[in-house]
Amino acid sequence: MTAEIAVMNRMGVALAADSAVTIGSEAQKIYTSAEKLFQLSEAAPVGIMVYGNAGYVSLPWETTIKAFRRKLGDAPRRTIADYASEFVSFLRDNPELFPEANRFHVMRELVLGAFAAVRAKRKELLDNKRKQKKNGGGGGLTPDEISPALGEAIQDLIDFVKTSPEVEGMDAQLRDKVAEWLRGSVAHMAEQTLEGIEMPDGTEAKLVELCVEYLTRQMLQSYTSGIVIAGFGSEEYMPSLATFEVEECVGILPRMTSLKQTAITPGERPAYIMPYAQQDSVLHFLLGVDTDLSEFMSDSVREMTRGLVDVVMNKVAEADTDLAAKLGDPVRAVVQEKLEELFAAWEQEQSRYYRPVLNTVAILPKDELAAMAEAFVNLTKFRRRVTPVPETVSGPIDVAVITKGDGFVWIRRKHYFSPDINPRVMARLHHPGGRS
C-alpha cells in the first residue's frame, strides 16, 4: 500500500510519497525502497506520483514515466490537463512498450479475476438458498436447486458490471475483437477457476458476455494504479493537478476512470489538501473524526431512528389501524428531513476543524508546504506503526515542491545506491535529459 499527499496553494504544490511496497494480498512482504514520485518534464514544472499497482501491462511505472519524459522533450504543454491527456495517449499508442502479447496476458489475468468473482457469487447464492431452506424446515439442496446457481451468479454480475460506464474510446469493432478472443479462451480459463462446478448448456456464452462487459467498462478491481500529475502548464500561473485511475488495458485502450482536475483559484479554492491511497489518518486529522467511525455513527442513527418510528407506528396501529396507515408516510418523511438536518449540522461542525487548516495552508511559504506534506505521510506511517495492522506505509519519504519560477525541486529524496561512490551516475542524473 501507499500514503501520498498533495498540498497546494497559490505559491505551488508540494508532493510527498512513502517508499513501502507490499507483496501479496495480505502484505506478506513489505519492502521500503519503492519509487513513487517523479519529475515528469525536463522543461516544465510538473511532477507525477503513482500509487496502487506498481506497473502497467507488465512494465514498471518508473520505466513508462521516464520513457514518456523523453518523448515530451523540451516543449512545455499549455495545461496540466494537457500533460495528463498526453500521458494517457502515450499508454495507448506505444506497442513497442506494451506489445500485443503482454496486453493479452494482462487481459487474461483480469478475466481470471472475473471468474473468481463468479465462483464467490455462486457460493453466496447457494449459502442463502441453504439458509432459507433450513429456516423453512427443509433439508439440503437438491441437484436441481444447485444447478441454476451458476447461471444466476453470472447474470447478477453482468447486471452489476453494466452499471459502470464504458472505457473511454470503446467502440463496436474493439468489443467484437475482445469477444472473438474470449470465445477462444473462455473454456480453458473456466476449467482453471470453475473446476468441479457443473456448467449447463449456454454457460460458456454467458461467461463470454460477462467478460466482454467487464473488460470494456470502468470496473476497476485489484490491479488498479492511481496517477497524480501536478504543477503548472505554460499558460497556468497557479498550480493544478489531474488524477485518474487505470487498471491494465483492453485491446489498446487503458481501462481507466475519467480525468479529474483541481486547480487553485484565488476566491473559490485558495488551498487544497488531498491524500491518496491510504487516506484515513489525514482525513481524521482534517475532519476531527475517523471516517469509518463517522459512517458508523450516521448509519447507526438512521437505523435507530427508523426503528423507533416503526415501534411507534406499531403501537399506534394497535389502537387505531387507520390512523397508523394515515400517519406512517408523513411521519417518516418528517423524520427523514430531521435526519438530513442533523447530518448537515454535523458537516458544519466538521468545517470548524478543516477550515482553519486550509486558511493556514493558503498562506504557507514553499518550505512549509513541503514540511506539511511530509508530516501528513509521517502521520499515516506512525498510525500504521502503533496499530495492529501491517506497516504498509514506511519511510524514507520523498518530498518535492513545484513552483512556477523554480520548477520541480527535490526537498527530500532517496537513492537505491550510495551517491558518494557513484559520481558518474550522479553526474549523469544532473545532466540535462538524465534526471530520474
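Q: What should I know about the numbering and the cut-offs before I start?
A: Residues are numbered from 1 along each chain as its sequence is written, and side-chain values use heavy atoms, with hydrogens and water left out. The model is predicted, and local features need pLDDT of at least 70, side-chain atom pairs count only at pLDDT 80 or more, while totals for chains, interfaces and linings use all residues.

Q: How many helices and strands does the chain have?
A: Helices (H or I, at least four residues) and strands (E, at least two) are DSSP runs, numbered from the N terminus. Here the chain comes to 13 helices and 15 strands. Its C-alpha trace spans about 80 × 60 × 40 Å along the principal axes.

Q: What share of the residues is buried?
A: Buried means under 20% relative accessible area, exposed over 50%, and partly exposed in between (1.4 Å probe, protein chains only). In this chain of 436 residues, 44% are buried.

Q: Which residues have the most contacts inside the largest nonpolar core?
A: A nonpolar core is a set of buried Ala, Val, Leu, Ile, Met, Phe, Trp, Tyr and Cys residues joined through side-chain atoms within 4.5 Å. The largest one here has 34 residues, and those with the most contacts inside it are V111, F115, V118, L182, L207, L215 and V250. The elements giving two or more residues to this core are α3 (100-135), α5 (149-161), α6 (172-183), α7 (186-193) and α8 (203-215). Apart from this core lies another, of 31 residues, including V50, A67, I80 and V88.

Q: What does L207 touch?
A: Contact means heavy atoms within 4.5 Å. Not counting residues up to four places away in sequence, L207 touches F115, V118, I154, V186, A190, L194 and M199.

Q: At what angle do α3 and α6 pack?
A: Axes are lines fitted to C-alpha atoms, for helices over the stretch in contact, and angles run from 0 to 180 degrees between N-to-C directions. For α3 and α6 the angle is about 70°, with the axes 12 Å apart. Angles under 35 degrees count as roughly parallel, over 145 as roughly antiparallel, 65 to 115 as roughly perpendicular and the rest as oblique. The two helices α3 and α6 are therefore roughly perpendicular. On the α3 side, E100, F104, M107, R108 and V111 meet K177, W181 and L182 in α6.

Q: In what order do the strands of the open five-stranded sheet run?
A: Two strands pair if DSSP finds at least two bridges between them. The order is β13-β1-β2-β14-β15, with antiparallel pairing. β13 (271-277) and β15 (407-412) stand at the edges with a single partner strand each, so one side of each has no neighbour in the sheet. From one strand to the next, the twist averages 15°.

Q: Which helix packs on this sheet?
A: That's α12 (residues 366-386), touching β1, β2 (12-17), β13, β14 (398-403) and β15. Its direction makes about 155° with that of β1. As for β1 (residues 3-9), this strand pairs with β13 over seven bridges in the antiparallel sense, and A6 stands opposite M274 in β13.

Q: Where does V57 lie, and is it buried or exposed?
A: V57 sits in the loop between β7 (55-56) and β8 (59-60). At 1% relative accessibility, V57 counts as buried. Although not a glycine, V57 has a positive phi of about 50°. S58 lies in the loop between β7 and β8, with a positive phi of about 70°.

Q: Which peptide bond is cis?
A: The one from G395 to P396, with omega near 0°. P396 lies in the loop between α12 and β14.
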